[in-house]
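Here are my notes on the model. Please read them with the structure open.

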Amino acid sequence: MSSSLAQVMAGQTVLITAHRRSDELAEAFTRRGATVMHAAAMSIVEHADDDQLLADTRALLADPPAILVVTTGQGLRGWFEAADAAGLAEELATMLADVRIVARGPKAKGALVARGLTPAWVADSEQAAEIIDHLLDHGVAGARVAVQHHGNGSDGIDDALAAAGARVAPFVVYRWGPAPDPQAVTDSVHAVADGEVGTVVFTSAPAVTAWWASADAAGVTDDIVVRERADGVLFAAVGPVTAAPLEAKGVTPLVPERSRMGALVRAVIAHHTETTAPAG
């Protein structure tokens, strides 16, 4: 990598709104010369401290599902960590050995294999729609289907399966809480509205919604939208679900082809590489 490419974001201020893995994002952008502002729009209730997750796990052990949908590898690992802390990991593994498991993409598959579990099917596209189509084709009427989510919603999986007659048992490996520093979020919406930030990065739909709520409360939402349209402030979203609440405000975000943080970082860097490249 040339030194000019490494510093392609020099002079740019990047706002990171994520709570989880924010240090990773910050490092990726500072290595390219950017200045990073961090304002987590939501906090995370970690799995090990989440009584609801343990209650949901015990309910599944008492009434095992016929099908398990694993949406993320990190989520599966976190689920087993929480189960292990509660003394339930061995019982959980034994139960899941008899369950038909559907995985959303290779990372979810890899986490399952690492636990000695073999998925019956893997969604190549990593999209919720592919999982829904597969399960509806397979037939779920009357079946108990457990669906592992992160804190950013079900992507329509729960509703689609319930409408097809499944008994859906969703569980969340972490849940969203309020911003750890509300004043930092308020300061961040003003900074974007005032033109002090060139790139805003989102990794979850709830964070987008919470950030816009802060902008609404501060009375700067319209100013932010104008900045995006007239001044080229870049909004970047990790995937289409995260992009949706941005688009609802009239903002057109940059969205990578794959819904991964690494892909998001590469897309942002590529955007700034193109915009700073000399003409001709």
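The points below cover basis, sheets, aromatic rings, a serine and salt bridges.

1. Basis. This is a predicted model, in which local features need pLDDT of at least 70, side-chain atom pairs count only at pLDDT 80 or more, and totals for chains, interfaces and linings use all residues. Residues are numbered from 1 along each chain as its sequence is written, and side-chain values use heavy atoms, with hydrogens and water left out.

2. Four-stranded sheet. The order is E2-E1-E10-E11, the sheet is open and the pairing is parallel. Strand E2 (35-38) and strand E11 (234-237) are the edges; each has a single partner strand, so one side of each lacks a neighbour in the sheet. Neighbouring strands here are turned by 20° against each other on average, direction ignored. Helices (H or I, at least four residues) and strands (E, at least two) are DSSP runs, numbered from the N terminus. Two strands pair if DSSP finds at least two bridges between them.

3. Strands E10 and E11. Strand E10 (residues 199-202) pairs with E11 in the parallel sense, over four bridges. Phe 202 stands opposite Ala 237 of E11. Helix H12 (residues 240-247) packs on the sheet and touches E10 and E11. The direction of H12 makes about 140° with that of E11. Contact means heavy atoms within 4.5 Å. Axes are lines fitted to C-alpha atoms, for helices over the stretch in contact, and angles run from 0 to 180 degrees between N-to-C directions.

4. Five-stranded sheet. This sheet is also open, with parallel pairing and the order E6-E5-E4-E7-E8. Strand E6 (121-122) and strand E8 (167-172) are its edge strands, each pairing on one side only. Strand E4 (residues 67-70) and strand E7 (residues 144-149) share four bridges in the parallel sense. Val 70 is opposite Gln 148 in E7. Helix H6 (residues 106-114) lies across E4, strand E5 (100-103) and E6, and runs at about 140° to E5.

5. Aromatic rings. Rings of Phe, Tyr and Trp (its six-membered ring) pair if their centres lie within 6.5 Å; planes under 30 degrees apart count as stacked, over 60 as edge-to-face and the rest as tilted. The count by this rule is six pairs. Trp 211 and Trp 212 have ring centres 5.4 Å apart and planes at 65°, so the pair is edge-to-face. Trp 211 and Phe 235 are also edge-to-face, at 6.2 Å centre to centre and 70° between the planes. Trp 211 sits in helix H10 (residues 205-218) and Phe 235 in strand E11, so this pair ties together parts 24 residues apart in sequence. Phe 202, Trp 211, Trp 212 and Phe 235 form one aromatic cluster.

6. Buried means under 20% relative accessible area, exposed over 50%, partly exposed in between (1.4 Å probe, protein chains only). Trp 211 is buried at 0%. Trp 212 is buried at 2%, and Phe 235 at 1%.

7. Ser 188. Which side chain does Ser 188 join in a polar contact? The partner is Trp 211, at 3.0 Å. Such a contact is a pair of N or O atoms within 3.5 Å; within protein, one must be able to donate a hydrogen and the other to accept it, and residues adjacent in sequence count only if both atoms are side-chain atoms. Ser 188 belongs to helix H9 (residues 182-193) and is buried, with 0% relative accessibility. Leaving out residues up to four places away in sequence, Ser 188 touches Leu 15, Met 37, Ala 39 and Trp 211.

8. Salt bridges. A salt bridge is a side-chain nitrogen of Lys or Arg within 4 Å of a carboxyl oxygen of Asp or Glu. The whole structure holds six. One of them joins Asp 63 and Arg 144 (3.4 Å, N to O). Asp 63 lies in the loop between helix H3 (51-62) and E4, and Arg 144 in strand E7; the two are 81 residues apart. Asp 63 is partly exposed at 32%, whereas Arg 144 is buried at 13%. Asp 63, Arg 144 and Arg 167 are linked in a network.

9. Further salt bridges. Arg 21 and Glu 24 form one, with the closest N and O atoms 2.9 Å apart. Arg 21 is partly exposed at 35%, and Glu 24 is partly exposed at 44%. Asp 231 and Arg 227 meet in another (2.6 Å, N to O). Asp 231 is partly exposed at 47%, and Arg 227 is partly exposed at 25%.
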